[in-house]
Amino acid sequence: MNPLELAGIEKRFPGVVALDGVDLDVRAGEIHALVGQNGAGKSTLAKILTGLERADAGTFSVDGRRVRPRSPAEALALGIGAIHQEVDLVPELSLAENLLLGREPLRWWGSDRRELASRARRALADLGVEVDVRRAAKDVPLGVQQQVCIARALSSDARILIYDEPTASLGSAEVERLFAQMRALRERGLAQVFVAHSLEQVFALADRITVLRDGKRVGTFVARESSPHAIVEAMLGAALGGAPERRASTAGHAWFEARGLARPGVLAPIDFALAPGEVLGVVGLVGSGRTELARALVAADPGVHGERLVDGAPVRVTSPRAAARVGLWLSPEDRKVDGLCLGLSVRENLALGVQRRARFARVSRAEQTELAERWIRALGIAATPEQRVGTLSGGNQQKVILARLLAAEPRLVVLDEPTRGVDVGAKAQLEARIAECAERGLSVLFISSELDEVVRRARRVLVLRDRRAEVLLVDADVAALRRAMAGGETAGTAPHTMVPPGGRDAE
Amino acid sequence: MPSERVRAKLASFAPLYVLLATWLVAALTTPHFAELAWRDGRVVGASVDVCVRAVPVMLAALGLTLVIAGGGIDLSVGSVLALAAVGAARASEAGGSAAVAVGAAVGLGLLVGALNGALVVALGLAPIVATLASMIVVRGAAQLAAGGVVVPIDRSGLVEFLGARPAGLPASVLLVGLLFAAFVVAKRGFAFGLYIEASGDNPRAARLAGLPVGAVLFATYVLCGLASALAGLVVASEIRAADSASAGLYLELDAILAVVIGGTPLSGGRARLLATLVGALALQTLATAMLMHGLAPHVALLVKGLVVLVAAAIARPSWGRAIA
Amino acid sequence: MSALRELARKPLALSCAVFAVLVVLAGARYDGLVSAAVLSNLIEDNAELGLAALGATWVLIGGGLDLSIGSVCACAGIGAAKLIVAGGLDPFAAFALVVGGGVAFGALQGLAIERLSLPPFLVTLAGLFVARAAALSIELESLAVSHPTLAALGDARLRVGELSIGPLGLAWLGATCLCAFALASSRFGRRVRAVGGNARAALHFGLAPARVRIELYALSAGFAALAGCAHVVYGGSGSAIAASGLELEAIAAAVVGGTSLAGGVGSALGTALGVALFGFIQTVILFEGTLGAGWTRVAVGGLFLGFVALRKVLETWVRR
């Protein structure tokens with residue numbers, strides 16, 4: 001008898017069959033990965049497991065007993081804890097309060113703060129985390145917040161843990177730490193369900209893998225006897241072409257140059273130059289200054305120092321609007337917060353891109369629709385022009401941003417984590433589009449935590465560490481990038497040519 | 001899903017249903033309510049009366065629609081109305097022509113609007129706080145300008161100007177049409193509408209997309225000041241006087257109500273100008289019908305409260321509640 | 001300097017500092033302004049607003065909005081007066097009844113908002129109309145109340161040094177302390193902050209955000225009704241047209257005290273400070289002598305604006 005067994009689960013939303021007869025069994029002491037493209041039904045299944053949604057048909061049993069949780073509270077009472085995609089703590093409450101919310105130790109005059117803190121400290125110490133539990137959640141790093149979520153689930157005696165894309169907002173060190181913990185919990189005999197996008201992570205962690213496609217279960221694979229290639233084929237339902245090759249090196253003179261780009265206290269001065277059609281990779285750990293560099297380039301925040309030269313002449317860039325005027329556009333890291341107007345339609349979001357050139361003059365509705373349809377076709381966006389962007393999946397939202405950038409006919413685009421939270425199929429499409437644009441002479445600043453992506457796309461890679469430029473590597477491999485990101489041992493990594501930041505190609 | 005789309009479409013006409021329902025109930029229960037007649041070269045009847053009485057709220061609500069669509073709010077519309085009315089009255093008292101009076105009122109409206117815009121955009125104050133303060137200050141300024149008395153408008157072209165009835169319709173109603181047309185042209189004919197809606201929906205994303213968010217939001221407050229000032233002109237010319245203490249009192253509540261019944265979400269991101277006018281008319285139909293019935297003021301308030309609830313319930317699917 | 005910045009990072013501390021500057025400036029201009037007598041009066045005069053503002057604070061922290069506060073206050077006031085005068089009830093029994101009624105009314109509004117998913121702005125605006133209508137239907141004219149208990153209450157004073165605080169001031173200060181404690185360390189307070197700060201997380205944590213919000217609307221209306229009772233004790237009469245616009249003053253006081261309109265953040269002490277600021281501005285105007293209605297408005301609005309603007313400027317300076 002397995003701790004968690006689902007059989008024939010069905011779930012319909014108006015007009016969509018989200019899950020169609022899905023079976024799932026999770027054993028004690030197992031990490032069971034759940035993979036599939038966006039819209040395959042992973043998130044819906046996770047929501048049913050955690051009580052956020054209820055299945056329309058099928059059986060759901062915990063330890064052989066039929067259950068039907070109607071809320072997260074009921075799921076928790078059944079021993080099912082959840083760790084969600086976006087770390088969700090209440091930002092203003094302390095870590096201890098977040099950890100024990102709803103289960104605080106009480107005295108007659110109110111809650112017992114000392115007991116609260118000590119219980120929270122114990123729960124976190126269990127996971128090997130040392131932190132001041134009286135600090136507000138908003139004041140600690142995301143990784144620590146994630147640990148609090150796990151501790152929260154564990155401290156309520158959960159024996160089944162559901163992780164819904166838990167690494168989406170974590171840096172690589174934090175991901176490692178999370179994985180170590182999940183392995184430790186496996187030793188303790190917990191049943192864990194891991195909903196994930198990254199197959200690298202799935203194979204590093206999972207014992208078995210269930211693949212979903214279009215709301216149906218394609219199959220369950222034993223990780224040790226399977227391969228990423230086989231899983232991707234199962235996810236896509238088709239044979240996969242070869243991975244896109246790295247492009248040949250670009251010749252050409254640098255048209256854009258940044259000199260001493262800096263924001264006091266946030267980013268130390270950085271120099272770099274870009275040729276037409278060049279993709280410059282930027283990597284670094286979370287907090288290394290990647291996003292800060294991206295935002296500084298288009299003056300998204302006040303107080304940016306340094307010079308930007310376009311075709312050899314300095315340009316004045318004091319706002320994103322001014323940056324757009326000289327052809328610099330940013331696709332921001334957090335697409336929901338900074339990137340899109342979620343309440344507006346695809347057409348309207350795309351119109352924002354071309355509108356800048358038209359000033360206040362009208363871009364007719366017909367032109368807007370035509371524009372939207374053209375880009376929907378070009379990037380394979382699964383949406384209609386009038387669909388609200390907030391209803392699209394992450395991958396399609398990212399494509400809308402990319403389309404908006406490209407519709408504006410930019411000269412340099414800064415892509416900050418363009419593939420985060422995007423499924424495999426869409427990722428490959430995005431990558432191919434970026435490569436196409438580069439071929440047509442667009443320069444790209446490509447920021448990503450997925451190092452293999454960076455290595456595939458960019459010949460030169462700027463490595464940031466501690467908010468300054470560490471080194472500029474040319475033709476480096478993933479391992480070399482990792483070492484440079486960690487710092488220290490970059491010298492003497494023989495096969496890689498080292499160029500000081502700001503230098504030109506080393507040919 | 002076609003059925004879903006049809007439902008959404010039907011729900012988006014919610015303000016119209018409210019207007020029709022109130023009008024129908026009023027027409028069925030109130031004698032002579034539905035009658036229209038042509039007398040002395042003008043159209044008369046309760047429905048015309050409703051339109052005329054709704055003018056101040058319609059004007060202010062048009063301006064507020066833009067502000068609210070941009071993610072803001074303006075509580076000072078009633079005070080601006082009073083200040084503009086006093087300004088116009090003072091100007092015509094001093095012997096100014098109708099044009100001077102109109103200019104004074106409009107200038108004052110633009111000035112207060114610019115002040116509100118500066119407080120919100122340049123200083124970064126919460127709109128509700130900034131405009132609450134200016135609501136108090138501007139009302140005080142209106143009282144100072146009036147010198148503590150009701151300023152009469154005796155011999156002025158202003159009254160004739162706005163009292164005229166071209167094509168048998170009151171000039172004030174035509175003024176609403178004019179402002180509405182101007183706003184629609186600004187919204188649709190230029191990118192202004194898209195700019196406001198994008199800025200209201202997500203100002204951070206709009207800024208990164210290269211939009212002049214600050215300038216756009218500033219403009220919405222200025223236009224709202226202008227609209228409220230026009231409302232002030234209408235009120236002053238109608239009662240042939242400017243009462244600084246009571247003119248436009250609680251106008252902000254009625255105007256916001258009209259905007260929201262019209263389906264413009266208070267969280268911003270959508271501007272529905274025509275629906276706002278419909279919402280204002282629905283409110284006034286209700287008020288006029290209750291007046292003709294001779295309902296006591298407290299019963300009228302109760303009915304108004306209930307109608308607001310019903311309107312909210314009908315419009316529910318189109319609220320565009322928090323998106324996942 | 002950095003310590004100063006750290007201090008100024010807290011909205012409450014910032015409000016305190018700006019308020020202190022205002023007091024020093026005004027104190028230098030008017031003799032006898034900064035005195036125990038003035039403070040005593042300030043507390044007693046503003047208890048009504050103070051109680052209403054506490055309710056507004058709770059609702060705002062929970063991520064809601066209540067526009068019906070003023071009407072509920074008036075309705076409770078006239079209702080209590082009627083119960084005492086026409087019903088012959090003991091004032092305290094009358095007060096208990098109207099506060100209970102207020103709580104029920106607030107809960108109804110909360111139910112409409114949460115169960116029918118209607119926007120709080122519209123529902124409480126409808127509540128504003130309905131409660132005012134109820135008040136007017138109880139009595140159109142102002143109703144004077146004379147009762148020995150009320151007379152005794154009106155004369156009662158607690159003397160602490162040079163301060164002399166009446167029952168209303170005590171009620172306000174007591175309620176403020178109670179709310180401050182409840183917000184900081186009661187289970188309910190923590191739930192409210194969780195729901196206002198991140199409703200999705202609260203739901204995932206197994207809390208019921210809808211229920212918490214319904215309780216909050218009930219609480220807010222309860223405080224508004226309490227403010228209505230305070231009005232009766234203070235003025236010796238109830239009036240159906242009293243307290244119009246009280247909701248805006250209450251919200252403004254809460255916001256001045258550092259409560260966020262977006263929910264999740266706020267404090268009862270900050271709200272008390274906001275109320276004190278309004279009271280202080282009124283006192284300053286009183287000291288100025290015979291100001292007309294116009295000048296009074298300009299002064300109140302101007303000082304309020306000056307306060308929030310100055311705080312905003314400091315806040316931006318701190319952030320840099």
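Visitor: How many residue pairs are in polar contact between chain C and chain A?

Guide: This is a predicted model: local features need pLDDT of at least 70, side-chain atom pairs count only at pLDDT 80 or more, and totals for chains, interfaces and linings use all residues; side-chain values use heavy atoms, without hydrogens or water. Residues are numbered from 1 along each chain as its sequence is written, while chains are lettered from A and ligands numbered from 1 in the order in which they are written. A polar contact is a pair of N or O atoms within 3.5 Å; within protein, one must be able to donate a hydrogen and the other to accept it, and residues adjacent in sequence count only if both atoms are side-chain atoms. With both residues at pLDDT 80 or more, the count of pairs between chain C and chain A is four.

Visitor: Which residue forms a salt bridge with A:Glu97?

Guide: A salt bridge puts a side-chain nitrogen of Lys or Arg within 4 Å of a carboxyl oxygen of Asp or Glu. The rule finds two across the interface of chain C and chain A. In the one at A:Glu97, the closest N and O atoms are 3.0 Å apart, and the partner is C:Arg193.

Visitor: Which three residues supply 38% of the area that chain C buries against chain A?

Guide: Here 18 residues of chain C are in contact (heavy atoms within 4.5 Å) with 24 residues of chain A. Buried area is the accessible area (1.4 Å probe) that two parts lose on being put together, summed over both. For this pair it is about 2000 Å², with 57% from carbon and sulfur atoms. More than any other three residues, the 38% comes from C:Arg187, C:Arg190 and C:Phe205.

Visitor: How many salt bridges does the rule find across the interface of chain B and chain C?

Guide: Chain B and chain C bury about 3300 Å², 86% of it on carbon and sulfur atoms. The rule finds three residue pairs in polar contact there, both residues at pLDDT 80 or more. The number of salt bridges is zero.

Visitor: Which helix of chain B gives the most to the side that touches chain C?

Guide: Helices (H or I, at least four residues) and strands (E, at least two) are DSSP runs, numbered from the N terminus. On the side of chain B that touches chain C, helix 6 (127–146), helix 12 (251–261) and helix 14 (297–314) give two or more residues. With 13 residues, the one that gives the most is helix 6.
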